Amino acid sequence: MSMSLDGFVAGPDQGRDHPLGVRGGELHTWHMPGVEVGDADRTAARWLMRPRGAYVMGRNMFGPVRGAWDEPWDGWWGPEPPYHAPVFVLTHHEHPSIEMQGGTVFHFVTDGFDAAYARALDASDGAGVGIAGGASTVRQALAADVVDELTLDIAPVLLGSGERIPDGSQAFGFEPVEVLHSPLTTHVRYRRTRG
């Protein structure tokens, strides 16, 4: 997850015009096309884009449509999303699955994080489950104790408001195992500590 210095993973007022919230895009310059990046950012981008067997994401991550599915939407990524695997989208409103080019199939799950994660784990065929975001979904994954590795890409940006991962967290049971830095971002890879 890309994060601001003040802990926000998305800026305020997320929507169609600002999918990552106002100024939220500033958190992601380290892996966007057309930006001059260094070895640390290229390595972190490989961490980010390594294939998994399945993914879980929240509805805000999937798109800006809120409430009932009253308009067509198949994601922000165009006809071939970067996942190339089943993606289980948390929502309160039923929606048929959407099959995309390159092997991505979006499945919509209305019975909560645990159900979505169980379906993703089953579909992953042992190749791992990625928690694609956003903040609420990552918080649910941390609370369910299913995260073994967490990478925080901390951009030198202050957003002041938006959506945070740590809100409501009681503890952080991870230890840093690798830290890379560039002028754009500090990348910290954590692994779960087991007692």
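Visitor: Which residue stands opposite Leu152 in strand S11?

Guide: Leu152 stands opposite Val188 in S11. Strands here are DSSP runs of E with at least two residues, and helices are runs of H or I with at least four, numbered from the N terminus. This is a predicted model: local features need pLDDT of at least 70, side-chain atom pairs count only at pLDDT 80 or more, and totals for chains, interfaces and linings use all residues. Residues are numbered from 1 along each chain as its sequence is written, and side-chain values use heavy atoms, leaving out hydrogens and water.

Visitor: How many bridges join strand S8 to S11?

Guide: Two strands pair if DSSP finds at least two bridges between them. Strand S8 (residues 149–154) and S11 are joined by six bridges and run antiparallel.

Visitor: Is S11 largely enclosed or largely open, and why?

Guide: Start with the term. Buried means under 20% relative accessible area, exposed means over 50%, and partly exposed lies in between (1.4 Å probe, protein chains only). Strand S11 (residues 186–192) has five of its seven residues buried, so the rest of the structure largely encloses it.

Visitor: In what order do the strands of this sheet lie?

Guide: Four strands form an open sheet in the order S1-S8-S11-S10, with mixed pairing. S1 and S10 stand at the edges with a single partner strand each, so one side of each has no neighbour in the sheet. Strand S1 (residues 2–3) runs parallel to S8, joined by two bridges. Ser2 stands opposite Asp153 in S8. Met3 stands opposite Ile154 in S8.

Visitor: Where do side chains point in a strand?

Guide: In a regular strand they alternate between the two faces of the sheet.

Visitor: Which strands form the five-stranded sheet?

Guide: Five strands form an open sheet in the order S5-S6-S4-S3-S7, and the pairing is mixed. Strand S5 (98–99) and strand S7 (129–133) are at the edges, each with a single partner strand, so one side of each is left without a neighbour in the sheet. S5 and strand S6 (residues 105–109) run antiparallel and are joined by two bridges. Look for Glu99: its bridge partner in S6 is Val105.

Visitor: Which residues of helix H3 are buried?

Guide: In helix H3 (residues 113–123), the buried residues are Phe113, Ala115, Ala116, Tyr117 and Ala120. Their cover includes strand S3 (54–58), strand S4 (86–90), S6, S7 and helix H4 (135–143). Just after H3, Asp125 takes a positive phi of about 55°.

Visitor: Is Met61 buried, partly exposed or exposed?

Guide: Met61 is partly exposed, with a relative accessible area of 26%. Met61 lies in helix H2 (residues 59–62). Next, its contacts. Contact means heavy atoms within 4.5 Å. Leaving aside neighbours within four places in sequence, Met61 is in contact with Trp76, Trp77, Tyr83, Ala132, Gly133 and Gly134. Arg46 is 15 residues from Met61 along the chain, and their C-alpha atoms are separated by 20 Å.

Visitor: How many helices and strands does the protein chain have?

Guide: The protein chain has four helices and 11 strands. Its radius of gyration is 16 Å, close to the 16 Å that the globule rule gives for 195 residues, so the chain is as compact as a globular protein of that length. The radius is taken over C-alpha atoms, and the rule is 2.2 Å times the number of residues to the power 0.38. Along its principal axes, the C-alpha trace spans about 45 × 45 × 35 Å.

Visitor: What share of the 195 residues is buried?

Guide: Buried residues make up 41% of the 195 residues in the protein chain. Of the contacts with a separation of 6 or more, 62% come from residues 24 or more positions apart.
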